[in-house]
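Grab a pencil and open the viewer.

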Amino acid sequence: MDTSRQLPDYEIFALRYATRDAFRRDHFIGGDPHDGAMPMDYFVWFVRCAERVVVVDTGFTAEMAQLRKRTHLGDPIDLLERCGVGVDQVEDVVITHLHYDHAGNLSRFPAARFHVQEEEMSFATGRYMCHHMLRHAYEAEDVVDMVRLLYKDRVHFHSGDATVAPGLTLHRVGGHTAGLQCLRVHTARGWVVLASDASHYYENMVCGRPFTSAFHIGEMLEAFDTLKRLASSDDHIIPGHDPQVMMRYPSAGGAMQGIAVRLDLAPILPLALSASTF
């Protein structure tokens with residue numbers, strides 16, 4: 001019996017709120033012999049159906065952008081509101097991991113419960129944070145905000161695979177961080193996977209070349225296989241930071257024109273990889 005026929009078809013939106021200049025050497029363990037420009041985009045996502053809206057990650061502030069030398073294109077919360085998502089009404093927020101670019105602005109969701117892998121919370125508050133290279137992508141205030149939410153009974157911990165709602169499932173993949181999770185979403189075109197930082201760029205996954213920021217390289221490599229197993233096809237996997245996402249997918253239109261694309265619709269452009277990968 002195909003139970004997916006009984007699941008809601010969600011719409012998925014990617015909102016680009018920041019960017020930075022970078023080079024190919026920044027994005028692959030071992031660097032790249034054909035070093036050239038390879039900018040990085042920053043996204044928050046939301047998924048919706050008639051019954052619910054779920055926000056995925058919460059971005060960072062303009063102040064954090066200045067501190068981290070990123071180009072802030074818009075406040076993520078303002079962008080969500082512009083797209084019709086009233087953050088004071090959002091009941092569920094998935095935090096893929098607690099890095100600064102995915103877990104800022106937590107206090108601006110006054111009614112939400114936050115879905116986090118238990119292992120990520122342990123990682124972000126445990127012994128490995130004694131090492132600068134592992135903690136540099138975390139901001140202490142973001143982690144403390146999550147602790148405060150925990151003490152307000154607003155954090156839902158998961159250990160491995162879990163269901164947020166019908167047609168929305170979480171999957172721990174680790175690798176980039178100890179408790180990184182991705183979100184699998186049922187849509188009219190099939191199962192779409194929001195990979196977050198399980199694959200920063202399409203090229204990380206397609207070519208089996210992990211990103212430079214890593215806790216467990218073996219798990220990073222295995223995560224690529226997990227993404228492919230969960231998604232209906234490779235074209236149903238959405239990387240976490242690739243500018244191609246904004247080019248490949250159709251605009252959300254209306255008030256979202258220029259800031260959001262629809263990921264539940266088929267790509268309108270083919271995938272383009274650097275010639276250095278072949």
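**Exercise 1.** How many bridges join strand β10 to strand β11, and do the two run parallel or antiparallel?

Before we start: this is a predicted model, where local features need pLDDT of at least 70 and side-chain atom pairs count only at pLDDT 80 or more, while totals for chains, interfaces and linings use all residues. Residues are numbered from 1 along each chain as its sequence is written, and side-chain values use heavy atoms, leaving out hydrogens and water.

*Solution.* 
- Find β10 (residues 181-187) and β11 (residues 190-196); strands are DSSP E runs of at least two residues, helices H or I runs of at least four, numbered from the N terminus.
- Five bridges join them, and they run antiparallel. Strands count as paired if DSSP finds at least two bridges between them.

**Exercise 2.** Is arginine 262 buried or exposed, and what does its side chain pair with?

*Solution.* 
- Arginine 262 sits in strand β13 (residues 260-262).
- Its relative accessibility is 17%, so it counts as buried (buried is under 20% relative accessible area, exposed over 50%, partly exposed in between; 1.4 Å probe, protein chains only).
- Its side chain makes a polar contact of 2.7 Å with that of aspartate 264 (N or O atoms within 3.5 Å, one able to donate a hydrogen and the other to accept it; residues adjacent in sequence count only if both atoms are side-chain atoms).
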